[in-house]
Amino acid sequence: MEKLMVRGGRPLRGTVQISGAKNSAVALVPAAILAESEVILDNLPQLSDVAVLSEILQDLGAVIDRSDDVMRIDPSRAVSKPMPNGKVKLLRASYYLMGAMLGRFGEAVIGMPGGCNFEPRPIDQHIKGFEALGATVTNDHGSMRIHAKELRGAKIYLDVVSVGATINIMLAASKAKGSTIIENAAKEPEIIDVATLLNAMGAKIKGAGTETIRIEGVDSLRGCRHSIIPDRIQAGTYMIAAAATRGDVLIDNVIPKHLEAITAKLEEMGVTVHEMDESIRIVGNDHYTSVDVKALVYPGFATDLQSPMTSLLTQAKGVSILSDYVYSNRFKHVPELARMGADIRVEGRSAVIEGAKLNAAKVRATDLRAGAALVIAGLVVPEGVTEITGVEYIDRGYDNLVENLTRLGADVWREQDSE
Ligand code: EPU
């Protein structure tokens, strides 16, 4: 196991290129098996979750060729195989294999997904969707068996706005007989990205990005070429890091519209933000004012940026209240930040953060975004080296992290963790 070492106190300066969106990629790779000829994905991030999903597709018989950020997936000879254990357990997004395999083969046996466990993450809405489409779903010793003789379009109202359930239903419904309507659908940009891929494959999906999505089922889907949208969470993390270190960073290859909520909050605190067509420049300032932040579904402030934002708010004067209305308990980073001198208490679904001077410490990342929060805190610490274990979580969502930060002038490296 490796650990990440961060010697703080240096403002980040320069340009960082943002890669393709992880949360799109982990849906687009499984979506490719719905096609009957080659799918080419461009701007694919170099992340462990993407690598695991491509191995799973290969286990199913798909032929995959990857070079740099391009992946060619030929799913024409893929076959249905049960996957109750093994690789599917390594990541949360393996639930997209359920919708994709159901659409392609009419069946799927998938072990309950693993991944970042910052709180219980149910999949009841995914199952409700599959059942509405005519599938039978049973839980057999911790793996989901999903089966349908024929998928039929249906009207599905989601009880909670769920990114995963919305995408999973789109995947299966693309191949159902007749029309499906998803009401109370999630509106995240990643949902539009998946719909764009599916439509390029021949699906008929309208309304992605709004709360009502209409899907006219088709008999077959074909290959296509698709470029993945930039990762708005990775971009937001670098924006926060630039502000926290009082740096000056151009964050390039982004869609500024996807970053409106974080942009607005940074400006409210006193960060200078310049928005261009495909990039955002963050210029930090010496003094920030406290703000209240509510993490909500898109277009609200992203829950995935809530933990990194906690670290920045330790640098603001006064008391900030940060509440998460998507995950009520996503605060595993708080005790670790407290070891670094942060003054934070958790009350219900809120963190109450008082401005404080941070110090170096040995801390542990327990999930991906908690890890990002600790890296930012480490960069802020004026002297000393912060040691972050649990780097494997951070690697799930930030490719080239050490290289990118080094290029921005940070003193960051990896070491073997002997403990
Ligand atoms: N929920 C249910 N039932 C369901 C599904 C969700 O109650 O069947 C609840 C969840 O417990 C949560 C809320 O609905 O309170 C929203 O969950 P959602 O389904 O939208 O989350 P997800 O699809 O499992 C994706 C991202 C997460 C991100 C959330 C919210 C992927 C692979 N994951 O998860 O990303 O936090 O949407 O935007 O796309 C991350 O990148 O660090 C990460 C965890």
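The side chains of T314 and Q315 are joined by a polar contact of 3.1 Å; a polar contact is a pair of N or O atoms within 3.5 Å, where within protein one atom must be able to donate a hydrogen and the other to accept it, and residues adjacent in sequence count only if both atoms are side-chain atoms. T314 is found in the loop between α9 and β18, helices (H or I, at least four residues) and strands (E, at least two) being DSSP runs numbered from the N terminus. With a relative accessible area of 1%, T314 is buried; buried means under 20% relative accessible area, exposed over 50%, and partly exposed in between (1.4 Å probe, protein chains only).

The model is predicted, and local features need pLDDT of at least 70, side-chain atom pairs count only at pLDDT 80 or more, and totals for chains, interfaces and linings use all residues. Residues are numbered from 1 along each chain as its sequence is written, and side-chain values use heavy atoms, with hydrogens and water left out.

Strand β18 takes part in two pairings, where a pair requires that DSSP finds at least two bridges between the strands. With strand β17 (residues 292–295), the pairing is parallel and spans four bridges. Within it, K294 has S323 of β18 as its bridge partner. With strand β20 (residues 350–354), β18 runs antiparallel, and five bridges join the two. A right-handed β-α-β unit is made by β17, helix α9 (residues 306–313) and β18; a crossover is right-handed if, with the strands pointing away from the viewer, the path from the first strand over the helix to the second runs clockwise.

The loop between β17 and α9 contains P299. The peptide bond leading from Y298 to P299 is cis, with omega near 10°. V326 is partly exposed, at a relative accessible area of 34%. Together with V161 and V297, V326 forms a nonpolar patch on the surface, with about 180 Å² of accessible area in total. Patches are made of residues with over 30% relative accessible area and no salt bridge, like charges being joined within 9 Å and nonpolar side chains (Val, Leu, Ile, Met, Phe, Trp, Tyr) within 5 Å. A salt bridge is a side-chain nitrogen of Lys or Arg within 4 Å of a carboxyl oxygen of Asp or Glu. Accessible areas come from the Shrake-Rupley method with a 1.4 Å probe, and for residues only the protein chains shown count as cover.

D68, which is not a glycine, has a phi of about 50°. Its place is in the loop between β4 (63–67) and β5 (70–74), and D68 counts as exposed at 60% relative accessibility. For N400, phi is near 55°. N400 is found in the loop between α12 (391–394) and α13 (401–407) and counts as partly exposed at 41% relative accessibility. Most residues other than glycine have a negative phi, and most peptide bonds are trans.

Helix α1 (residues 22–31) is largely enclosed by the rest of the structure, because nine of its 10 residues are buried. Among them are K22, S24 and P30. In helix α4 (residues 124–132), E131 is partly exposed, at 41% relative accessibility. The C-alpha atoms of E131 and L151 are separated by 9.4 Å, the two residues being 20 residues apart along the chain.
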